[in-house]
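My notes follow in the order in which I looked things up.

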Amino acid sequence: MRAEPFSVGYFVVAILAVVFLQDFFVSSRHTEALAYSEFKSLLAAGKVSEIAITDTAISGRIAASGLDGVLPPERVAALGKLSGTEHFFTTVKVDDPGLIAGLDAAKVRYAGKIESRLFATLLSWVVPALVFFGVWAFFMKRMGAQSGLLEIGKSRAKVYMEKQTGVNFADVAGIDEAKAELMEVVDFLRTPERYRRLGGRIPKGVMLVGAPGTGKTLLAKAVAGEAGVPFLSLSGSEFVEMFVGVGAARVRDLFKQAEERAPCIIFIDELDALGKARGMAVIGGHDEREQTLNQLLVEMDGFATNKGVIIMAATNRPEILDPALLRPGRFDRHVTLDRPDRNGRMQILEVHVRGVKMAPSYDLAAIAARTPGFAGADLSNLVIESALLAARKGRDAVEMTDFDEAIDRLVAGLERKNRVMNPLEKETVAYHEAGHALVAESRRHADRVAKISIIPRGVAALGYTQQQPTEDRYLLRRAELLDRLDVLLGGRVAEELVFGDASTGAENDLQRATDLARHMVTRYGMSERLGLAAFEAPRGPVFLAGPTLPAAREYADATARAIDEEVIALLDTARARVVETLSGRRPALEALARLLLERETVDRAAIEALLGEGAAAPAREAAVDVRPTPRPAVA
């Protein structure tokens, strides 16, 4: 059996028990406190048999009987209640020159006694100190070893030994190119002699760059699991503390631990928290972070690659990293992880459904086709959400309908069954969504409509039209962008045609249409009037979804006016095309809106049945490459 570690708390409890027992046994002998005058009266009456004299007190024994007339009646009555033939007493010593003479005259045996203060000192100083240290040790144990002041400069890296990462390349799918890049790292960690004999060296550092959820951390763990080496993992924010110099000390300790465990892998997640470019703060309030970064750069420079230590890092904000981190000799190799294509999504789904009981009718290819833009983490969440929905409904296996509902929840938000719309609002939403769907089905380059719904979802969505692309696209032509403009304006135009008025429901559609038209003019060079010049560049994060940062305008006021006119012309021309389409197919618009009001959700099969076999393919209009007519400049 393993011996229990010594605890200061046990020692303190033992000391207190000893003190309590000693006090109990000593105080069990009753001692009566007498006034000095009472003591003198008892001495004169011969009732005192033996005393001990200390510097501050006189104690001894007195007779238990024959005290009448010597002490007051109430004192005699109090002493008479005590059992025994003798009683112990104590009294305060006073300066009495005749005391010794009185004792000799009464023939009382007396002796001096040196009072020991050791026990009192123990009780007043040692025991409180032990109690304090016991309480301190208890709280430090509860807070963890890393919380002590002596451990503040230690690295907080979580160390996974060999196969304890629990991940290998079989658990990573959809990023085959990145896996191939990192197989070289695994091969070096397994057989380093193969490279050293030819004078080659492995890259000192590997930077994993990609959008959130694309599998950067998972891939790093898989490398360690495949190589069978220790894996030291921590986040960039764990280096920074409120105390100056702590971050640099932790960096030194991390590399020291890595050298002791070589060959191994150091993995720093969210490197941008530590490696942000120096000098960005105007006020200069980031000296501690910059010192930590400087120490990391120094350690990477002095780190020999032949020791078998690989440094890996992950970030989704490479644009803000310090250039000194990215130069050759530090993070030599950059591996970019993109969102998976359809085949990659299907491979990822195959990994995540291994432990899920699936119905025989499930189709991963169909699920992958309906999830464009989903990263690995999104697909994992999709499988988990589908399993939860199936369990909530009491099913024996996860069916395709569960995946459909999970996709709707992840894309459009949670269904708001308690939100009640009045009939006019519901009718407006039905015509709005029917307009989107009918225009999409009438355009050659638009994605096919998979589902239409007027059930409120999320925070502000009163309905949605879900389109399913036939394939993953990386380039879009001008005609395709014009078709997308038409689809975005289909809802607003349908409201105007049917009700003769417009609502606020098209706010998001108009914003997206305006952004698309402006990008066509200012970024893609798709304006005959302005030519091939690009007037704006993307200034937002590369991998993070967020608003584009405002940029300083680098063109003249006349050019800005021309850009605005071209954007408005694109939108006006698109609106005219949509008005023509919906006016010509007004009966189909009315029928689709009535079907939505009746069912609230219409799937692809119902759309094809309503619009005709093949979703009204014969009536689908060819996308005309309509170029915006230049408008005269307004002074």
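This is a predicted model: local features need pLDDT of at least 70, side-chain atom pairs count only at pLDDT 80 or more; totals for chains, interfaces and linings use all residues.

**Entry 1: H17 and H18.** I looked up helix H17, residues 478–499, against helix H18, residues 507–522, and found that their axes come within 9 Å and cross at roughly 160 degrees. The two helices, H17 and H18, are therefore roughly antiparallel to each other. I noted the crossing of H17 past H18 as left-handed. On the H17 side I listed Arg 478, Leu 481, Leu 482, Arg 484, Leu 485, Leu 488, Leu 489 and Arg 492 as making the contact, and on the H18 side Asp 509, Leu 510, Arg 512, Ala 513, Leu 516, Ala 517 and Met 520. Sorted by class, the residues of this contact of H17 with H18 are 10 nonpolar and five charged, with no polar ones.

**Entry 2: H16 and H20.** At what angle do helix H16 and helix H20 pack? I read about 125 degrees for H16 (residues 423–441) and H20 (residues 586–599), with the axes 8 Å apart. H16 and H20 are therefore oblique to each other, and I recorded that H16 passes H20 in a right-handed crossing. From H16 the residues that meet H20 include Lys 426, Glu 427, Ala 430, Tyr 431 and Glu 433, while those of H20 include Ala 588, Leu 589, Glu 590 and Leu 592. The contact of H16 with H20 comprises 11 nonpolar residues, one polar and four charged.

**Entry 3: aromatic pairs.** I found three aromatic pairs in the structure. Because Phe 231 lies in strand E8 (residues 231–235) and Phe 267 in strand E9 (residues 264–269), the pair ties together parts that are 36 residues apart in sequence.

**Entry 4: confidence.** I looked up the mean pLDDT of the chain, which is 79, and noted that 78% of the residues reach 70 or more. Over residues 144–150 the pLDDT is below 50, and I noted seven contacts in the model for this stretch beyond near neighbours in sequence. Residues 613–635 also stay under 50 in pLDDT, and for them the model has 48 contacts beyond four places in sequence.

Notes: Residues are numbered from 1 along each chain as its sequence is written. Side-chain values use heavy atoms; hydrogens and water are left out. pLDDT is the predictor's confidence in each residue, from 0 to 100. Contact means heavy atoms within 4.5 Å. Axes are lines fitted to C-alpha atoms, for helices over the stretch in contact, and angles run from 0 to 180 degrees between N-to-C directions. Helices (H or I, at least four residues) and strands (E, at least two) are DSSP runs, numbered from the N terminus. Angles under 35 degrees count as roughly parallel, over 145 as roughly antiparallel, 65 to 115 as roughly perpendicular and the rest as oblique. A crossing is left-handed if the near helix is turned anticlockwise from the far one by less than a right angle, and right-handed if clockwise. Ala, Val, Leu, Ile, Met, Phe, Trp, Tyr, Cys and Pro count as nonpolar, Asp, Glu, Lys and Arg as charged, and the others, Gly among them, as polar. Rings of Phe, Tyr and Trp (its six-membered ring) pair if their centres lie within 6.5 Å; planes under 30 degrees apart count as stacked, over 60 as edge-to-face and the rest as tilted.
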